[in-house]
Amino acid sequence: MTLTPNKMVTYSENIIRIGARKIRLSKPIIDAKVIEDFILVIHDYMEYPKHGTAANLVCLDMDGQEKWLAKNPTNQSADAYTNFYETSEPISDSIFVHNFIGCVCKIDLATGDIAEVKYTK
C-alpha cells in the first residue's frame, strides 16, 4: 500500500487545523503533516525537561487521540525530533524524520518503531 499526503494541515502554537477541523494539543508544534488518516506531529522539544530525551514525535488519529509515541534512537539528553525529512519518493509504510543529534530516522507508520537510523554528522 502506498500512502500519500492527502489533506492540508496548518498549525500555530499548540493548535493544528485540518480543513475545518481544529485540534488543541498539550504542547506547541514545530512540524506536522497528515498522511491518510494519521496526523503526525513533532512537538517543540524546548517544552521537555532539559536533561532527558524528548519523546516529541506522536501519531494521532483524526480525532486527536494518540495512536503511538515514537521512541528516540538514543538516550542522550539532547535527543529529540526536529522536522520531517522530505523526499521525492512516495511514502510507503514509513516516514523519515530529522533528529537533533544528527541523524535521519525511518519510523514505521503503523507502530512508531524506529526501522532505521542514518547518522549524518
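Of the 121 residues of the protein, 44% count as buried. The model is a predicted one. Its secondary structure comes to zero helices and 11 strands.

Start with the overall dimensions. The C-alpha trace spans about 40 × 30 × 20 Å along its principal axes. A compact globule of 121 residues would have a radius of gyration near 14 Å, and the protein agrees, with 14 Å. The accessible surface comes to about 6900 Å². Carbon and sulfur atoms hold 49% of that surface. Contacts across the sequence come next. Among contacts with a separation of 6 or more, 36% join residues 24 or more positions apart.

Now turn to the sheet. Four strands form an open sheet in the order E4-E5-E6-E7, and their pairing is antiparallel. Strand E4 (29-35) and strand E7 (66-69) stand at the edges. Each has a single partner strand, so one side of each is left without a neighbour in the sheet. From one strand to the next, the twist averages 20 degrees.

Which strand does E4 join through six bridges? That strand is E5, and the two run antiparallel. Aspartate 31 has isoleucine 42 in E5 as its bridge partner. E4 is an edge strand, yet E4 is mostly covered: six of its seven residues are buried. E4 and E5 form a hairpin, with two residues between them.

The pairing continues on the next strand. Strand E5 (residues 38-43) pairs with strand E6 (residues 57-60) in the antiparallel sense, over four bridges. Here isoleucine 39 stands opposite leucine 60 in E6.

Most residues other than glycine have a negative phi. Glutamate 36, in this turn, has a positive phi of about 55 degrees. Glutamate 36 is partly exposed, with a relative accessible area of 26%. Glutamate 13 also has a positive phi, of about 55 degrees, although it is not a glycine. Glutamate 13 is found in the loop between strand E1 (9-12) and strand E2 (15-18). Its relative accessible area is 58%, so glutamate 13 counts as exposed.

Next comes the interior. In soluble globular proteins, nonpolar side chains tend to be buried together. The largest nonpolar core here has 17 residues. Which of them have the most contacts inside this core? They are Leu40, Leu57, Tyr81, Ile95, Val97 and Ile107. Five strands each supply at least two residues of this core: E5, E6, strand E8 (81-84), strand E9 (94-99) and strand E10 (103-108). A second, separate core has 13 residues, including Ile29, Ala32, Val41 and Met62.

Leaving aside neighbours within four places in sequence, isoleucine 107 is in contact with Leu57, Trp68, Tyr81, Asp93, Ser94, Ile95, Val97, Gly112, Asp113 and Ile114. Among these partners are Leu57, Tyr81, Ile95 and Val97, which are also named for the most contacts inside the largest core.

Serine 94 is another partner of isoleucine 107. Serine 94 is found in strand E9. Is serine 94 buried or exposed? At 7% relative accessibility, serine 94 counts as buried, because the cut-off for burial is under 20%. Not counting residues up to four places away in sequence, serine 94 touches Lys106, Ile107, Asp108 and Leu109.

Strand E8 holds threonine 82. Beyond neighbours within four places in sequence, threonine 82 is in contact with Ile30, Ile42, Tyr45, His98, Asn99 and Phe100. One of these, Ile42, is the residue that bridges to aspartate 31. Threonine 82 and isoleucine 101 are 19 residues apart in sequence. Their C-alpha atoms are 9.6 Å apart in space.

Where does phenylalanine 100 have its place? It is in the loop between E9 and E10. Phenylalanine 100 is partly exposed, with a relative accessible area of 42%. Phenylalanine 100 and lysine 50 are 50 residues apart in sequence and 13 Å apart in space, C-alpha to C-alpha.

Definitions and conventions: Residues numbered from 1 in each chain as written. Predicted model: local features only at pLDDT ≥ 70, side-chain atom pairs only at ≥ 80, totals over all residues. Heavy atoms only, no water. Pairing = 2+ DSSP bridges. Axes fitted to C-alpha atoms, helices over the stretch in contact; angles between N-to-C directions. Buried < 20%, exposed > 50% of the residue type's maximum accessible area, 1.4 Å probe, protein only. Rg over C-alpha atoms; globule rule 2.2 N^0.38 Å. Contact = heavy atoms within 4.5 Å. Areas by Shrake-Rupley, 256 points an atom, 1.4 Å probe, with all protein chains shown as cover. Core = buried A, V, L, I, M, F, W, Y, C linked by side-chain atoms within 4.5 Å.
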